[in-house]
Amino acid sequence: MIRFTVNGERLETDVAADTPLLWFLRDNLQLTGTKYGCGIALCGSCTVHVNGEPVRACVTPLSALEGKRVTTIEEIGKTPVGKKVQDAWLAEDVVQCGYCQSGQIMAAAALLTKTKSPSDKEIDEAMNGVICRCGTYNRIRAAIKVAAGPAFAPVKPAVKVKA
């Protein structure tokens, strides 16, 4: 029996200990926001947080989770940092095809939880390995900077006033 927490809910499971977390989330909990990409931890589409650290769910066996906390894309928006990141993603219109975006948001939230105002180098290092096939990297970086801003507010369109 493996015991751990997913999105604040304590679980006990007798699913095979070598089952990758990704498949447990998707098949057993129906949490399908975490995506399957490469299956070998190279693309980052399956990034989730385990005890606040970004990990690749496709290669993380359930046996590694005993007593740990897992947070997925379904829950990250309920944290202050995750909410800022998701709002910034919308404000900067980051998403194109969207396939990698849950992994991108999870990696960005982990970065901003540890580093309140990251440099370009820190952003590049934190986001390295979360691959976007559409090439939205510039918008991702812009969204991270918006989310890191102390007075973050979603961008609103300018209003013209008649003189």
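How do the residues of the lining of the largest pocket divide into nonpolar, polar and charged?

1. Basis. This is a predicted model, in which local features need pLDDT of at least 70, side-chain atom pairs count only at pLDDT 80 or more, and totals for chains, interfaces and linings use all residues. Residues are numbered from 1 along each chain as its sequence is written, and side-chain values use heavy atoms, with hydrogens and water left out.

2. Pocket lining. The lining divides into 4 nonpolar, 6 polar and 1 charged. Here Ala, Val, Leu, Ile, Met, Phe, Trp, Tyr, Cys and Pro count as nonpolar, Asp, Glu, Lys and Arg as charged, and the others, Gly among them, as polar. The residues concerned are H49, G52, R69, T71, I76, T79, V81, G82, A109, A110 and T113. Two or more of the lining residues come from each of β5 (69-71), α3 (80-91) and α4 (101-114); α4 gives the most, with 3 residues. Helices (H or I, at least four residues) and strands (E, at least two) are DSSP runs, numbered from the N terminus.

3. Pocket volume. The largest pocket holds about 180 Å³ of space. A pocket is an open set of points on a 1 Å grid over the protein atoms alone, where a 1.4 Å probe fits, with protein on both sides within 12 Å along at least five of seven lines; lining residues have an atom within 4 Å of a point. Grid points are joined across faces, edges and corners, and the volume is the space filled by probe spheres set on them.

4. Cysteines. The whole structure has 0 disulfides, a disulfide being a pair of cysteine sulfur atoms within 2.5 Å. For C46, the nearest cysteine sulfur is that of C58, 3.6 Å away, which is too far for a bond. C46 is buried, at 3% relative accessible area, and C58 is buried at 9%. Buried means under 20%, exposed over 50%, and partly exposed in between (1.4 Å probe, protein chains only).
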